[in-house]
Amino acid sequence: MIVIHDYEPTWPEEFERIRASLLQILGPLALRIDHVGSTSVPGLAAKDVIDVQITVAALTPEVKGRLVQAGYEHKSGITHDHVPAGEDPDPALWAKLFFRQPEGERRANVHVRVEGHPNQRYALLFRDYLRAHPRSAKTVERIKRELVKRHADDIDTYYAIKDPAYDLIWIAAQAWSGQKGGGCPPRRSQ
């Protein structure tokens, strides 16, 4: 059952605790660790799950092994992200590793993506665009709330509708970032 919660001001602090732990686990294998998804946008309602993106140079067995050894649950059935219409469909560009939090810890989805790949940029630009455009963030919230009213118990339908709607934000974010002088935000964890 999908539940959308009002924005919780503790989400950034909860991310920071997760981030600190992941930095200890991965060390220099993590090029950056970012708070992404709806919980990373101030004021935006979201599922109460912290989305974390770990940017790496490559999806290596060592990255996977360190996370599994630390108790993260690897979801082997999730190997790539949705490909927005018109994007290069090469599966290698959308590949990722996906993990859930260790048992008993704060709910989190951990996405490991390769630096510079479109799925890595998508998460960052989506977040940054919504942070800079509160009216768009409120529209995203409305989409999610309406979807939950109709499909809270059908996650496949929820994402089948949400993903293409979010792709509209991706298109706007790409245009916006080009106007702001660059493609990907600077290399620092947020």
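By contact I mean heavy atoms within 4.5 Å. This is a predicted model, where local features need pLDDT of at least 70, side-chain atom pairs count only at pLDDT 80 or more, and totals for chains, interfaces and linings use all residues. Residues are numbered from 1 along each chain as its sequence is written, and side-chain values use heavy atoms, with hydrogens and water left out.

Leaving aside residues up to four places away in sequence, Val-112 touches Ile-54, Val-56, Leu-59, Val-63, Leu-67, Lys-96, Leu-97 and Phe-99.

Now the cores. A nonpolar core is a set of buried Ala, Val, Leu, Ile, Met, Phe, Trp, Tyr and Cys residues joined through side-chain atoms within 4.5 Å; buried is under 20% relative accessible area, exposed over 50%, partly exposed in between, with a 1.4 Å probe and protein chains only. The largest such core has 21 residues, and Val-112 is among the six that touch the most other members, along with Leu-22, Val-52, Ile-54, Leu-67 and Tyr-72. Two or more residues each come from α1 (11-26), β2, α2 (61-69), β4 and β5. Helices (H or I, at least four residues) and strands (E, at least two) are DSSP runs, numbered from the N terminus. The largest share, six residues, is from α1. Another core, of 14 residues, lies apart from it and includes Tyr-122 and Ile-169.

Next, β1. Because five of the five residues of this strand (32-36) are buried, β1 is largely enclosed by the rest of the structure. Arg-32, Asp-34 and Val-36 point one way, Ile-33 and His-35 the other.
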